[in-house]
Amino acid sequence: MPPVLIGSHCSIAGGLHLAIEEATRLGLDCVQVFTKNQRRWASTPLHRDEIKAWTQAITAVGWDRSRVVSHNSYLVNLATPDACARARSIALQRDETERCEALGIAACVIHPGAHLGAQRKPREPNRLGEPPSTDELDGLRRIAASLDELHRQLKGFRTITLLETTVGSGTNLGYDFGHLRMIRELVRAPERVGFCIDTCHIVAAGHDCSTPSRAKAVLERFDAECGLDQVHAVHVNDSVGACGSRVDRHEHIGHGACGASCFRAVLKHPKLRGRPMILETAKEAGPADEPWDIVNARELRRLAGVRAKR
Ligand SMILES: [Zn+2]
Ligand SMILES: [Zn+2]
């Protein structure tokens with residue numbers, strides 16, 4: 001069986017390759033990066049030397065390309081009805097996909113997008129497993145059309161796009177597994193699209209993982225709708241907000257609303273073994289001045305039943 005791969009989102013401050021060095025220093029098996037400033041529309045093109053240093057760092061640790069994922073900017077909204085904003089989003093997604101291709105990064109995670117139409121009341125819960133509203137359906141169609149455009153512009157690229165599960169705040173799509181399925185069904189090249197499950201997001205969206213049988217049922221639903229074999233990265237975050245709260249705030253493992261059964265189900269699922277399990281939790285010094293990434297990774301390995309590295 002493939003190994004359980006525990007990693008974290010690491011900083012590229014000072015150089016992209018430093019994220020790889022940071023991850024290995026923390027005893028991690030995989031890593032997620034922003035390949036550029038995620039708050040800006042513009043980026044400076046990758047320099048030859050940056051790609052070289054990155055490739056050398058990857059070769060030095062002996063990782064294959066599936067162990068690194070990129071997360072694109074939160075500015076991207078492929079679901080927007082504003083044609084101008086959508087064109088900018090596609091351009092930014094294209095830029096990030098080109099960077100990933102140049103760096104040999106297998107997958108780029110994005111949030112599906114917000115349709116910006118009729119909004120539910122902030123406290124109204126997500127209706128899970130129900131057909132999407134008209135505005136939601138229009139948004140899902142725009143995401144698929146945007147991905148088609150991206151694929152048309154970038155023929156033959158190996159880097160795929162991973163649509164992440166969301167909490168469903170505002171008009172954000174992707175809180176229901178059916179949304180993700182529909183987008184992938186609508187695109188002309190579904191093999192270029194996969195998924196990223198975020199444990200914080202699925203719980204805050206209202207998928208109840210509070211007992212082993214409930215957590216198992218949630219993953220079974222995902223498998224039936226989308227296929228767990230299409231999940232190429234997992235975000236392992238605990239959730240500050242309660243189940244169904246639609247609050248997207250990450251908590252350290254074991255300190256939030258997800259519960260051990262949620263993490264165990266994800267970490268031990270045979271179809272998710274070998275996929276990068278990425279922490280996106282706060283970095284400040286943890287208990288006994290140990291970095292939180294080390295503390296959280298140790299807890300995840302304990303829950304997964306694998307030997308701790310440190
Ligand atoms: Zn995430
Ligand atoms: Zn989040």
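Biologist: What makes Arg88 count as a charge over the ring of Trp41?

Modeller: This is a predicted model. In it, Arg88 lies over the face of Trp41, at 4.2 Å from the ring centre. The cut-off for CZ of Arg is within 6 Å of the ring centre, and within 35 degrees of the ring normal. Arg88 therefore counts as sitting over the ring of Trp41.

Biologist: How many aromatic pairs are there?

Modeller: The count comes to three. One of them joins Phe177 and Phe222.

Biologist: Why is the pair of Phe177 and Phe222 called edge-to-face?

Modeller: The centres are 4.9 Å apart, and pairing needs them within 6.5 Å. The planes stand at 70 degrees, and edge-to-face needs over 60, so the name applies. Phe177 is in helix H5 and Phe222 in helix H7, 45 residues apart.

Biologist: How do you know that Phe177 and Phe222 are buried?

Modeller: Buried means under 20% relative accessible area. Phe177 has 4%, so Phe177 is buried. Phe222 has 1%, so Phe222 is buried too.

Biologist: Why is the pair of Phe195 and Phe222 called edge-to-face?

Modeller: The centre distance is 5.9 Å, within the 6.5 Å cut-off. The angle between the planes is 85 degrees, which is over 60, so this pair is edge-to-face.

Biologist: What does the pair of Phe195 and Phe222 tie together?

Modeller: Phe195 lies in strand S8 and Phe222 in helix H7, so the pair ties together parts 27 residues apart in sequence. Phe195 has 0% relative accessibility, which is under 20%, so Phe195 counts as buried.

Biologist: What links Phe177, Phe195 and Phe222 into a cluster?

Modeller: Ring pairs do. Phe222 pairs with Phe177, and Phe222 pairs with Phe195.

Technical notes. Residues are numbered from 1 along each chain as its sequence is written. Chains are lettered from A and ligands numbered from 1 in the order in which they are written. This is a predicted model: local features need pLDDT of at least 70, side-chain atom pairs count only at pLDDT 80 or more; totals for chains, interfaces and linings use all residues. Side-chain values use heavy atoms; hydrogens and water are left out. Rings of Phe, Tyr and Trp (its six-membered ring) pair if their centres lie within 6.5 Å; planes under 30 degrees apart count as stacked, over 60 as edge-to-face and the rest as tilted. Helices (H or I, at least four residues) and strands (E, at least two) are DSSP runs, numbered from the N terminus. Buried means under 20% relative accessible area, exposed over 50%, partly exposed in between (1.4 Å probe, protein chains only).
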